[in-house]
Every structure is written in C-alpha cells, then in structure tokens.
Amino acid sequence: MLYLVVDGFFGDTGKGKVISYLAIADKPYIVVRGGVGPNAGHTVVIDGNEYKLRQIPSGFVYERSRLLIGPGVLVNPKVFLSEVELTNTYDRVFLDYNCGIIEDIHIERERGDRYLKKKIGSTASGCGAAQSDRALRKLKLAKEIEELEKYLTDVPLEVNSALDNDEYVLVEGTQGTFLSLYHGTYPYVTSKDIIASAILSDVGVGPKKVDEIVLVFKSYVTRVGGGPLENEMSEEEAAEKNMVEIATVTGRKRRVAPFNFRYAKRAVMLNTPTQIAITKLDVIYRDTYNVKEFSKLPMEAKRFIENIEETLKIPVTIISTGPDAKSTIDRRKELGFD
Ligand code: IMP
Ligand code: MG
C-alpha cells in the first residue's frame with residue numbers, strides 16, 4: 001500500500017501534522033520524504049513535545065518505521081545530523097546515495113543574492129543554488145560525504161521492494177502546489193517541481209504503484225515570501241481571526257487569505273487526490289478544538305467540510321482539530337477506505 005501526502009496551497013498547510021497522524025494510525029513500514037530539501041519546515045507535535053523538522057520525515061513519531069530520504073531531495077549534512085540527534089533515530093534513518101549535498105557555499109550564494117532574498121523571499125537555505133549546481137552536474141552527492149556513510153542506502157530499491165512485499169509505505173511531500181517551479185506562481189516559487197508526480201520521482205516510485213493520494217488544505221490560505229495571494233487579508237484582520245502564523249524555517253510572519261476554491265480546484269487537477277485532508281479547523285471554528293468525531297462537529301463546521309467535498313468532488317477523510325497528532329478526525333473507515 002502506498003500513501004502519498006502532498007500540499008494543495010503554498011506549503012505550511014500542516015502536512016507534518018497529517019503525516020505524523022497517519023504514521024501513528026497506520027504504522028508504516030517505511031516513511032520516505034520527497035521535495036526540495038531543508039527549505040521546508042514540518043512541525044510535529046506529539047504528547048505535548050514539538051519538533052520542527054527540515055530533513056527527517058515527520059513520520060518518525062512511529063518508532064518502528066524506517067525513515068528514508070529520496071534521491072531527489074537535497075541534504076544539508078549539518079541539518080540532517082542535528083535532526084538525527086534531536087529525534088534519536090540513528091538506527092533507522094537513511095538517505096539515498098544520490099541525494100544532492102548543500103554546502104556552505106550554496107547558502108552564502110543565496111544570502112548574497114538580493115533578487116532571491118528581497119524579491120522572491122527565498123529561505124536562503126542553499127536549495128536553489130545547489131539545485132542549479134546539480135543541473136550543471138557539478139553538485140556533490142551524499143555518497144561522496146564521509147560523515148554520511150553509515151546512513152546511505154538505495155531508497156528506490158527499498159521502497160519498491162517494500163511495496164512488492166505488500167508493506168505500507170508513506171510518502172511525504174514538501175512545499176505546496178503553487179510553489180512548484182513549473183505549476184506555481186513563477187518566479188515566486190521554489191527551485192523544483194513538487195506536485196504529486198514530482199514527489200514520486202524524488203523517491204523513485206512509478207505512478208502505477210500509488211494507492212492513495214492525500215491532498216492537504218488548511219482551512220485558510222497562507223504564504224511566506226513574495227508573490228500573488230488572492231484576497232489577501234490585512235495583518236489586523238488576520239490577527240483578529242487568529243490566523244497569524246510564524247514560518248518554521250525563516251521566522252517570518254505568514255501572509256493570510258481565506259480558503260480559496262480556485263486554488264483548490266487547480267490543486268486537485270494537478271495532484272489527482274483520492275482523499276482530502278483539512279487542517280486547522282479549530283482556527284476558524286473555535287469549538288471544534290480537539291474534536292475527534294465528525295458527528296460531534298458543530299453544524300457550521302460540518303457544512304464547511306461538506307461544501308469542500310461537494311465542490312471538489314473528493315471525500316474529506318482527515319480533519320485536524322489541533323496541533324497534536326492525536327487531535328484528528330479520521331473518517332476513512334466510515335467513508336469506505338481501508
Ligand atoms: P526557496 O525555495 O527557499 O528559494 O524559497 C522560494 C519561495 O518558496 C519563498 O517564498 C519561500 O518562502 C517558499 N518556500 C520554500 N519552501 C517552503 C515551504 O516548505 N513552506 C512554505 N514556503 C516555502
Ligand atoms: Mg512549513
């Protein structure tokens with residue numbers, strides 16, 4: 001069984017939360033991360049402990065799963081090694097021989113680039129510079145780095161063998177549909193494609209092996225950095241509605257807009273989800289905090305969810321009602337998913 005989780009807006013929809021919930025509920029044999037690299041920040045809260053992860057899969061919360069990073073993902077060895085320590089996952093985290101390596105020089109190149117820093121609002125974590133070196137075929141790969149030696153593996157082989165043995169594999173996307181280099185709001189995008197099909201390529205799995213694609217939307221839209229954002233709210237309005245968020249990687253304030261069906265429809269077209277996850281329902285309907293059953297949601301909140309299902313014609317199976325992995329409504333059984 002292969003589950004793929006991707007983001008339908010501009011990143012920061014709560015994929016980390018959804019993935020950590022799925023890891024606990026479904027007990028994957030492997031959790032494998034795709035996407036760009038350490039420019040992404042996933043927040044995972046489990047039993048009151050908060051982890052902010054830029055390299056290691058959010059599914060680490062299930063202690064028995066093997067944690068992999070696909071060859072399409074850039075790795076900053078310092079960030080990787082510090083997260084291995086933070087999460088105490090020495091014996092079960094691995095990255096592919098062919099992951100590209102971010103060095104200090106890439107970070108310096110981005111920090112010194114006014115266009116990237118000021119106009120695009122890059123996280124300046126070295127991803128774009130490393131990505132361009134990879135395209136020029138002069139980027140170092142993980143297999144050349146001595147301190148990573150004990151963590152190296154053939155990720156596509158591991159993932160495909162697990163699937164051949166009917167094991168459950170959870171594939172974790174990063175960033176969000178409209179930050180895609182090809183499908184996003186160019187030039188206000190990240191340095192790679194990151195829609196569902198690109199994440200599969202990052203980890204080396206063919207499209208026919210996918211069983212479920214979960215597209216994650218937040219109950220409202222946020223973006224960090226430059227670029228268009230339809231119906232953007234003023235900072236005051238966002239603060240009044242409790243929607244102000246601070247970006248995980250850069251510490252910047254996120255820009256805020258209401259839930260957007262035009263974006264959502266296009267994200268459905270690009271990612272072909274079989275299920276939708278809606279996060280932060282408790283931010284727009286306060287009395288839904290920590291609710292764990294759909295039937296216990298207030299009428300208004302139910303209507304919000306049903307309107308999404310009717311408009312997008314995809315079932316909303318996972319609803320997040322608080323930051324903790326356990327504050328989740330899981331409707332998969334009731335809606336006929338096994
Ligand atoms: P870069 O990929 O760091 O160069 O950043 C390019 C744009 O993508 C900036 O607007 C970043 O804020 C945004 N971005 C990159 N990764 C993420 C992410 O994981 N979440 C949200 N925004 C991101
Ligand atoms: Mg994030």
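Good morning. I begin with strand E2 (residues 30–33), which runs parallel to strand E5 (residues 66–69) and is joined to E5 by four bridges; two strands count as paired if DSSP finds at least two bridges between them. Helices (H or I, at least four residues) and strands (E, at least two) are DSSP runs, numbered from the N terminus.

On provenance: this is a predicted model, in which local features need pLDDT of at least 70 and side-chain atom pairs count only at pLDDT 80 or more, while totals for chains, interfaces and linings use all residues. Residues are numbered from 1 along each chain as its sequence is written, chains are lettered from A and ligands numbered from 1 in the order in which they are written, and side-chain values use heavy atoms, with hydrogens and water left out.

I turn now to helix H9 (residues 261–271). Its buried residues (under 20% relative accessible area, 1.4 Å probe, protein chains only) are Tyr-263, Ala-264, Ala-267, Val-268, Leu-270 and Asn-271. Seen down the helix axis, these fall within an arc of 170°, so they line one face of H9; the arc is that of the directions from the axis to the C-beta atoms.

At the start of H9, a side-chain oxygen of Asn-260 comes to within 2.9 Å of the backbone nitrogen of Arg-262. After H9 comes Thr-272, with a positive phi near 45°.

How values were computed: Buried < 20%, exposed > 50% of the residue type's maximum accessible area, 1.4 Å probe, protein only. Polar contact = N/O pair within 3.5 Å; in protein donor to acceptor, adjacent residues only side chain to side chain.
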